[in-house]
Structures are given as structure tokens and as C-alpha cells.
Amino acid sequence: MSFFSEENRTLAREIIGRYPKRRSAMIPLLHVAQAQAGWVTEEAMVEIAELVDTTPAEVLGTCSFYEMFKREPVGKYLVNICATMSCALAGAAELMEHAEERLGVRAGGTTPDGLFTLASAECQAACTEAPCLQVNYRYRYRVDTDGFDQLVDDLAAGALDDEIPPHGVTARVRQHIPAGRAVGAVPPEAVNEPPVWIAASASNGAGSA
Amino acid sequence: MSDATAAEAAPSTVEVTINGVAVDAQPGELVIAAADRAGVHIPRFCYHERMSPVGMCRMCLVEIDTGRGPQLQPSCMVPVSPQMVVDTTSERTQRAQEGVLELLLINHPLDCPVCDKGGECPLQDQTMAYGPGESRFVEEKRHFPKPIPISDLVHLDRERCILCDRCTRFADEVAGDPLIDFTERGNETQVLTFPGEPFSSYFSGNTVQICPVGALTASPYRFKARPWDLVETESTCTTCAVGCRIAVQSSRNELVRYLGVDIDPVNHGWLCDKGRFAFGSVGSPDRVTAPLQARTPSSTTSDIADAEPLRRFQPTDWASALGAVAGAVKAARPGAIAVLGGARGTNEDAYAWSKLARTVLRTDHVDAQLSDGLPAELAVGLPAATIDEACSADTTLLVCGDLREELPVLHLRLRGAARAGTTRLVEIAPTTTGLTRNAVRSEQCRGGEAASVLRNLLDGDDPLAGELASGSVVVVLGRSSVSESAEATAEVAAVISARVPHARFLVAARRGNVRGALDMGLAPGLLPGRALSASPPQELAATWGELPGERGHDATGILAAAAAGEIDVLFLLGADPLTDFPDSMLARLGVSGAGTVVAVDSFVSQSAAEADIVLPAAVFGEKSGTTTNLEGRVSAVGELVTAPGSARPDWMIAAELAVLCGGDLGFLSVDEITAEIASVCATHASAIGPDLAADGVVASGAAFEPEFPTEHVAPARDAYGLRLVCSRKLYDGGVTVSQTPALASLAADTVMRVHPVDLERVGVESGTEVEVHSDRGALRLPIVADAGIARGNVVVLFPSPHIDVGALIDVTAPVTDVRIETRGGEVPR
């Protein structure tokens, strides 16, 4: 039983191939895992550990360091309402209260249909557009209660599917680096020559790519 | 190239000023290390001299002036530079120390009265020495559920943790088992394992020792004692042949803890968990406490013995037990007495028994090994290398079992050396091992074929030949499987010696003091001081007198002779052939065929249960003397607790027996034996003295050059069969593990492991129980796929708890080929 889908296994292999050390692929693979399931499951961490040749404990250590890797199930849409100063002055608390009422969950909770997770967030660096929120890290500016209801309706109806992919998907278009154009997987300790810019005066080139 | 010229140009020392005193530091040395050497203590929590610095705890902040004015810098992260001025006692330094401690104590519970670390706690001590005395923190402290087990042996109390990164760094850098890591972030940061994946490292106990607070505790010691109640002596661990230096601690005459002592040439302060927690077996309630005599002749009682071993015996006193032994010895035919074992005692024990056998029992049938090591003459006679030399040779060739399972701290040393780039590891093994990841090259071979693989490499145009020819070479040579003959291993030595004459050998002997026992002549044809019986050294001949003329049998020969009814008295000196001898059929025939079997043992082992007389032996911690590690390093072992009942050291039993048999060994104390060893063994003259330093001394040289066996062509393969490889596990079916409560449950399960492709040929699912047949016998075992096994091998743990793997092995055959049968194709169970 493997966690990754066939397609994502292929993708994982490609990502690993980009780095001189397999371990470097850990965070990109955590993203792939979160994109697949919407959150990072324990099975995903075990499998990533296997793929990048380390222990699940180290994957957990890395994964848990980052707030945006969720280790509990979250809804399809993660709604982060800013609660920091500018937004607070512009009615963020009222917005949150309304959101809680509308979605029927407390901040931090997920709706029973698994569609929305509501969360209170720190400053999202959009103070000129207060109060602001993010849906799966996509901004919505100057949100009032009506605007929030409209947003929820649109999301539920799938009207924003083009703009806002489900939680975990970082981008629709994925970068693909053809094998021939990769930098060349030379581990740092295997490089004996000084960097090219230092060896510029030397007659031979650097690296053994 | 540029590195070399830079090193030449660099001065050999860097002059720095620490607290107004000029200090010559090494180039690249950290300020904290330079201060340590200069006798200036800088407080620290995260810095550990055997691991890379991380600058986590900030406790070592000191004022450092490198020409830009004094600044507070962590002394564990700053290397010395010329004209550096360091002040470790300035007012700013003191304020920094107070601040760091006040902050560390914000989240640290003040539960010192119930904390195992209290009394020996760096946080407690340094708070007293450098702390502010009071805290401004009045809020509620952080709380976590009290200790959670992170493995079977280690508990973690996260409230007490100060996040110094010592345990996690150790697990990753030193042990290579990064099963614990920091999780979460900021105030939530905590050390944890992955759910369901415990910190089951063989080295987990070290994290408990290096934890600077009471966050990590070892289950065998929790709430057992307070540090100020402990009695301590320094000693040398004899659980395996690495000989790690340890501090043995007891409370109320009971061993409660071993700590690693940092000595440069051997263990660097580390211990494996088996060694660290083995004290449990010393205090085991199953110890033999009085001499035992069988109620009826042994031949008719094996049924009773199987049911309840101890019912066969009745306790007696030493006088009658030794009298009975002496009677049997006197009644024995000439040359019909044999001594097996002796590898578990001290050098003095081994010397006494060696002398007893030769001068009183008049026999050369002695063998400390149970046909599970190298031929004795090679083991003591090969040009020897030390562990340090193996860690710094240009190439270190590993032709031995998995060192992580057999000699764990040697594994750590070699792993560290490979990571530091001070040596290149090249491995030839039938399976992947703990060091495969660190080896520059790993050749897999079928069991018993290492010599031919090596020959092909060295005689062909492989670059290895050139690498070995041009640089220094140390070969770690051991028996990678007891299911192949010792000659197969001897042949590896022959192949290397013939082609790489400058190669030196580190013999990977396993059992505690097996090297010392061989050095003391507990092998046929050998005498103390690594001499041959054929040409005894003068001093020895003068002390010992006439020696038995004929060369005796080795363990296999002794058991074969016993099976043929030629042995009237068989001494088992801490040896358990029924468990440890590779060929269990021969072991059984030998032990039951011997006339009188006398077991000198601390437990009623399987073999002792078959004995006629069991003499209780004192063990490690209960006797003093010296021990010899696999390098030939002689170091002292200390006596701390009293042996249970009337158990006594092996040497004392030998000395008394000698008198009862009409002889006299000529010594009445350990010190007298030590002195006699020093006087009769040229190799040990300088090594043994009353004040042996912690590092011990390597007894070097041998009185002879070993003869190598002729090289053979690899034995023919059975195309349909698999080659049996008996691998070792640290937690095996041996008595140290089974009698140590903390370790007993960790003993490995017995399964057969084969390469997945081979399993496919067998045609069953991984985990299925199958029948395995050799020419000798058959067993039923689960079979499991393991990609780390070389094709054509089937790997089984030896000795196995509950399963008699030796039933498959014929000790006289060069290798053991087996066939796997799955009863008519149907999957059993």
C-alpha cells in the first residue's frame, strides 16, 4: 500500500532527481502529499521518509515546523481571517463572528460537509485592504459580512473553482525540468574544485557535470 | 593541493588570552575547548566534545575580543584566532549567564526532589554556580503529560527538556538512528519520535547519559537510587570484546547503573545499550548461589532436565562439590580431561585455568572459543591493528559480521571515521550491514565466499588492488557466520597477507574477554603470552614446569572426542555449547557423552543443566583483575558488589581445585596472578601493572608468526539451494539478554530472511512458515523478504531464542546449503 498515486510517484521521482541529495526533496514532496490528500497524513510522511532516505521522525520534524503543512484534516477551503491590528480596527472581529455563525463552526473548526475550515490568522500583509482574509492563501480584500456570504456561496457552488483550487494545491501549472536541463546532481562533498567564479582564471572549467 | 599548502603555512598553535592567561590553542579549536584544556570551565548544556557544536543553549556566552572590542559570543561556535582575548568571568558574561539560566528555568519544572537527575544535574549545578538566584517569572509553567516512553528503555519528560539538541544530535550524527527529532516550533518545540516508531536504537542509553537535565531517563534506573548514595568504581565492560571503559555504580550492594567513560582509544564515552544495561543479569534472581550436584547420573535424567532444570540438582557445599570434581579428575584416564570456555572471565581467571589445565589436569584439550571465531593461532598471531589505526587507515576492509550487531561501539567508531573522512570503508559481506551506507564500496557475496571474492578483486584489474597496495590497510576480520567453517575466514587472512603484506588486522572477536583468554593460552597449542606450546618461552617453562606433550583438541575436537566416550571430565568454564556451539547435534552428543561434566557458571545454562556438578561463578562487577579487548588492550576491571551466595571467581576455583588434585598453582590472590602474568608473558610485561591507566595498555607482539591455510576454490554451490548465513543480533538468545529484565523482551524474533527474488522462487508470501532442510536437519521458520540480503543467501539469527538453528549446521562442512520446502505447494497457516 502506498500513499502516493501513480502519477505523484512519478512526480516525486522527478523532483528527487533535481537535487544532489535526496533529502533536499523533502519539502517539495510534503507539498505534493498535501496537494494529494489536502493535508499531510502519517502514511505520507512514512513514504516520503522512504523516498528521500531518512526516518519518518525527521520528516515529522520538518513538516511540523511549518504552519502551512496541516497534520490534521482540513476542509477543501481553508478560510484564514486576519485578526491583527489593521483588520481588527476595520471590523475583523465582527467578520469572524459572522463567519462563525454562517459556517456554524468556531474558529479552528471544519464544517461537517468538509468544505470549509475557519481559522484566525496573524497579519497577512494586506493592511491597506483591511479587513482581509485568505481562502487557501488566495486573498480577498475589504470583506464585509455580505461579501463573506457571497464568497461562501460561490465557493460552495464551485463558481470560483478556476481561481481557488482545493487546499494543498500550490499551483495548477507545475514546473517541469527536463532531465537534460537539470543542474546536475553533484553532491557538495563531491565537488573538489573551487567555485567557478574563483577558478575563473584557471585554465580548466569547474565541475564534473 | 591548496589545502595541504594552507596547512603547511598555518602555524601549529594559536596564541589566545583566556582570563588574562596566555594559552596555546590548536588552530581551528573552539574557544570552549581551548578553555577546557587550559583548565577554565565555561558552563554549557548543548556543547559536547564528541559532537558538532550547534550553539543552541547560549549558556557558554563569554566576552570575546577579536580586535573589535569585547562582544558576547557563544564560545562553542567560535574558533580561536590569533590575539583573541576571552573573558569568561566579566560582569557582562555573568549577566548573560544569569539571563540564560533565568530563561531556561521559565519552562523547567523545579521538581528536583523527585527527579532522577537531581544531585548530578548540569542545570541544577550551573544554576547554583552561575544563576541569578531568583526568577521574575510568576506565571504558570508549561505542562506536558509526565514521562512518555520513547522506547522500551528510555522515557522522555518534555517539561524538563531544555532543547539542547544533544540527544537528537547524538541520534543523527553519532548513532545514525535519527528516530527522534525536534517537532513543532517556537514555544511548542519538543523532542519526539514519529508515532508508532520508537527510538529503538542500540545506542539510546547514551542520550540518557548526555542529557543535561532529567528529561531523558532510562527505565532500569528510574527511581532506583540517588546519585549521592551511589558507590562507584571504574571498570571495563566485558559484554563484548570492544572493552568500553565504564563507571560501574551500585547502591546497597546492587549494581544499578553503568556510565560510559570517555577514553580516546576506545569508546569516546559511548556505550551500547546491551553493555549499559547488562548489569541486570548480574543481580538476576536466577543466579547460581551455591554449588549444585546432580541427584542421579546425568544420562538418565535428561527428561527431568528438560522439564525443570533445577530439580535435577541439589545444593551442596564447596568442599563436597570440589571433592567430587577432584575425585573425577583423579579417576580420569590420562588426556581425557577437557576445558571448554573461559572467555567470560578476567585474564587472571583465564591464566589460572590455563595453568590448572596444563600443570595439574595435564591436558591441552582447552579452548576458549566454541568453534565460532577465528582459529586461535591466527587470532593472536596476525599483525595487529588498534581501533584508532582502523579509524585512520587509508582503507579499512571489513570482512566480518555486522559490527553494529556484534561490536556496536566499534561500529560507532568506524562510522564516525568514515563520516569524518579519516578512513575509507570497503566491505565484503553476505548482507547489507550497519556500515553499508558509510562504506565507499560494499561487495555482497554468498556465505563462505568472501575469500574468493577478495581474490578475484585483488588478482583482477579492479582498482581496489591498487588502492590497497599504495596505502595503509587495516582489515577488520571476523567470522561473519558460524554456518561456514573457520577456515573460510582464515583464508581471507591468507588471501590478504599474500597480496597486501603490509595489511594489519583487527580481529573482530565477539565474546567479552575471548582475546584475553587466547592470550592466556586457553586454546590448544597456545601458551600465555601468545606463545606456542611447541616452543614455550623460558620464563614460562621455568614457572610452569613440564607441559603436556601432545597438542590438544579444539572445541570441535573436544566435543567429538567426548561424543566418542574419550573425555572423562569436561569442564564448561562459562561456556554453553548447547546454545553457542554452531553444530547442536555434536554439542548434544559431546555434552552427554562426556563422563563427568563440571559447569563453572553463573546461571544454569542449557549446558549447565546437563552437568553433573555446577560451580557458581562470580561475574563482572563482583571480581577485580584485568581484561583484554579485541585490540589486545589490557585494562582493569573493578570489583564493586559481593557475589551472591558462595559464588566465587573462576581463578579461585582453579586454585582450590589444584590443591585438591595434588597440585599448587602458586597464587592466592588476583594481584599475585597479575604479577605472574607480567613476569611470564613477554607480551604483557609492560602492559600489566598495579596502576593500569584508564586507557589501558596494548599488549603487542606475538612469539610466533601464524601459518595461513592454503587457499581453496570456493565450495560448489547447490544450484537449487540457498547458502545458510547465521547472522548475529545484539539482542540474541544469549544469557546476558535473557537474564536482563530490561533487555529480555527486545530479543529478536527468529525468521529466515532472503532476497525478494529468492522468495519469489520459493513461491510463498513473505511471513509464511516454511520448512528448511540441510544435510544435517530440518526446522520450521517463517521466511521473510529482505532486499538487503545477497542473492543466494538465507540469513538466520544465531543463537536464536527458542529455535535450535544449530540443528542445521554440520561443523565439519565448509558451508551449509539448505533447501526450502513449502509442503506440497500449499501455504501453511
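Of the 285 residues in the largest nonpolar core of this predicted model, Leu340(B), Leu572(B) and Val598(B) touch the most other members. A nonpolar core here is a set of buried Ala, Val, Leu, Ile, Met, Phe, Trp, Tyr and Cys residues joined through C-beta atoms within 7 Å. A residue counts as buried if 20 or more other C-beta atoms lie within 10 Å of its own, as exposed if 12 or fewer do, and as partly exposed in between, with C-beta atoms placed from the backbone. The largest share of this core, eight residues, is supplied by H18(B). Helices (H or I, at least four residues) and strands (E, at least two) are DSSP runs, numbered from the N terminus. Setting aside neighbours within four places in sequence, Leu340(B) has contacts that include Asp367(B), Leu370(B), Ala555(B), Ile558(B) and Leu572(B). Contact means that the C-beta atoms of two residues, placed from the backbone, lie within 7 Å. Another core, of 23 residues, lies apart from the largest one and has Val74(A), Met96(A), Leu151(A) and Ile164(A) among its members.

A word on bookkeeping. Residues are numbered from 1 along each chain as its sequence is written, while chains are lettered from A and ligands numbered from 1 in the order in which they are written. Since the model is predicted, local features need pLDDT of at least 70 and side-chain atom pairs count only at pLDDT 80 or more, whereas totals for chains, interfaces and linings use all residues.

Two strands pair if DSSP finds at least two bridges between them. Leu397(B) has Val426(B) in S19(B) as its bridge partner.

Chain B also has an open sheet of three strands, S11-S12-S13, and here the pairing is antiparallel. Strand S11 (231–236) and strand S13 (254–260) of chain B each have a single partner strand, so one side of each goes without a neighbour in the sheet. The twist in this case averages 30° from one strand to the next. Strand S12 (residues 245–251) of chain B pairs with S13(B) over six bridges, and Val248(B) has Tyr258(B) in S13(B) as its bridge partner.

Elsewhere in chain B, Met84(B) sits in the loop between strand S4 (70–74) and strand S5 (85–87). Met84(B) has 21 C-beta neighbours inside 10 Å and therefore counts as buried. Not counting residues up to four places away in sequence, Met84(B) touches Val16(B), Ile64(B) and Thr66(B). Thr66(B) is 18 residues from Met84(B) along the chain, yet their C-alpha atoms are separated by 4.8 Å.

Turning to chain A, there are seven helices and four strands. Buried residues make up 30% of its 209 residues. Strand S1 (residues 77–82) of chain A is largely enclosed by the rest of the structure, because five of its six residues are buried.

Finally, the two chains touch. Ten residues from chain A and twelve residues from chain B take part in the contact. Helix H4 (residues 56–65) of chain A gives the most to the chain A side, with seven residues.

Key
Axes are lines fitted to C-alpha atoms, for helices over the stretch in contact, and angles run from 0 to 180 degrees between N-to-C directions.
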